[in-house]
Amino acid sequence: MGQPADASPRRVVVLGSSGSIGTNTLDVIAALPDRFQVHGLAVHRSLAAVVDQAHRFRPAFVCVTDPDAARDLDRDALPPGTRLLAGPDAVREMVTDPAVDVVVAAVVGAAGLTGTWAALEAGKTVALANKETLVVGGPLVMDLAARHGGRILPVDSEHSAIFQALAGSRPEDVRRIVLTASGGPFRGYTPDRLADVTPDDALRHPTWRMGPKISVDSATLMNKALEVIEARWLFGLPADRIDVIIHPESLIHSFVEYVDGSVMAQLSPPDMRLPIQYALTYPERITGPARRLDWSTLGTIHFEAPDRATFPALDLGFEVARVGGTAGAALNAANEAAVGRFLAGDLAFTDIPRACRAAIDQHHFSASPTLEELWATDRRARIEVDKWKNTTRTTTTC
Ligand code: MG
């Protein structure tokens, strides 16, 4: 087992290295120093974090995408041999470097599309944690990867589970895929109770520790909606062959049901280091730092149908997975804007899916958009949320 002695470590670029997936990725790399080498790190403006990471991992590049933050960085703070790249085009320069083997795309939101796009265009392998990339531009991104010989390996735990459970199967053998969802912190809430929840309540996820945006998305079930869309493009399956089930313990990360009735599932503790590591070592499996299932203490596991009336975000995901086109860009941008407003205390929790509904309904749908049209849809959807907030009687009292 393990790699041949003459194999050199895979050189990894981590986009979004200060976030939850980024730091978990560096945990995996630190635990497997003979397998991986950090070639580049990118943050938007988390200077202290990236300077600390640069001293630990000695990358060839550090990239700061926010120009104002980059100006504040004292270059002498970086270790000798680490080059600072700054500004919006810096990510492209770093990920297309011929030395790069794998790009971990862990930037949150539509902003993550730029780096993933550049990496795939250069024929790189992308370990994709940024689900918004496929939500916004699924068909274009998959086509780009196919044309340039780039490869997308899923890091999202559900998609990693499906990817693993699909191994060796033929597309015609698959009846459907089922994404599991923890249900988030508000599972079982009534609509009335949900209207009063605060950002602090929403950030308390029962099983996963994650950044603020994805934590709110998990609480609204928008995260699962985005994952349905992600799965639709990643695995090339129509929306009616994708399903969602609530599984509060987050041990079964998703499953594949085959035409003969067999079900293949992937199980492990809720620890992102495992799907990250699998994307980095694929197709190999090696011993790593992720927690393991303790079968002797494993209790009962539960399943229930999602409450689609109380959590309407989920149906938005299936709708967008069905219609495609610009709808994903509209939903994603509206959700980012609405979540930002909710975290700022400017919108009620239950307004998030309502604002997204309005933005989808108001947008000019195009079935086969260009990348430029997707960005235009993104910008308009954010404005639409502002308009919706200002003209609608929202649930919030502030
Ligand atoms: Mg997930």
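Me: What makes Asp 156, Glu 158 and Glu 227 the residues that coordinate the magnesium ion?

Reply: Happy to walk through this predicted model. Asp 156 (OD), Glu 158 (OE) and Glu 227 (OE) sit at 2.1 to 2.2 Å from the magnesium ion. Along the sequence, the donor residues are spaced D-x1-E-x68-E. Asp 156 lies in the loop between strand S7 (151–154) and H7, while Glu 227 belongs to helix H11 (residues 222–234), so the pair links distant parts of the chain, 71 residues apart.

Me: Are Asp 156 and Glu 227 buried or exposed?

Reply: Asp 156 is buried, and Glu 227 is buried as well.

Me: Why is His 159 called buried?

Reply: The relative accessible area of His 159 is 0%. Buried means under 20%, so His 159 qualifies. This histidine is found in helix H7 (residues 157–165).

Me: How do you know that His 159 has a polar contact with Glu 227?

Reply: A polar atom of the His 159 side chain lies 2.9 Å from the backbone oxygen of Glu 227. The limit for a polar contact is 3.5 Å, so this distance falls within it. Glu 227 is also one of the residues touched by His 159, together with Pro 154, Glu 230, Ala 231, Leu 234 and Phe 235, if residues up to four places away in sequence are not counted.

Me: Why is H7 described as largely enclosed?

Reply: Because 8 of the 9 residues of H7 are buried, the helix is largely enclosed by the rest of the structure. Those buried residues are Ser 157, Glu 158, His 159, Ser 160, Ala 161, Ile 162, Gln 164 and Ala 165. The cover over them includes S7, strand S8 (174–181), H11, strand S10 (252–258), strand S11 (263–267) and H12.

Me: Which element gives the most to the lining of the largest cavity?

Reply: That is H7, with 4 residues. The search of the whole structure finds 1 cavity of 30 Å³ or more, and the space in the largest cavity is about 30 Å³. Its lining consists of Ser 157, Ser 160, Ala 161, Gln 164, His 253, Gln 266, Ser 268, Leu 274 and Pro 275. H7 and helix H12 (273–281) are the elements that give two or more residues to this lining.

Me: How many residues of each class are in that lining?

Reply: The lining of the largest cavity has 6 polar residues, 3 nonpolar ones and no charged residues. His counts as polar, so His 253 is in the polar group.

Definitions and conventions
Residues are numbered from 1 along each chain as its sequence is written. This is a predicted model: local features need pLDDT of at least 70, side-chain atom pairs count only at pLDDT 80 or more; totals for chains, interfaces and linings use all residues. Side-chain values use heavy atoms; hydrogens and water are left out. Buried means under 20% relative accessible area, exposed over 50%, partly exposed in between (1.4 Å probe, protein chains only). A polar contact is a pair of N or O atoms within 3.5 Å; within protein, one must be able to donate a hydrogen and the other to accept it, and residues adjacent in sequence count only if both atoms are side-chain atoms. Contact means heavy atoms within 4.5 Å. On a 1 Å grid over the protein atoms alone, a cavity is a set of points where a 1.4 Å probe fits but cannot get out, and a pocket is an open set with protein on both sides within 12 Å along at least five of seven lines; lining residues have an atom within 4 Å of a point. Grid points are joined across faces, edges and corners, and a volume is the space filled by probe spheres set on the points. Donors are N, O and S atoms within 2.8 Å of the metal (3.2 Å for Na, K and Ca); water is not among the atoms, so sites may look incomplete.
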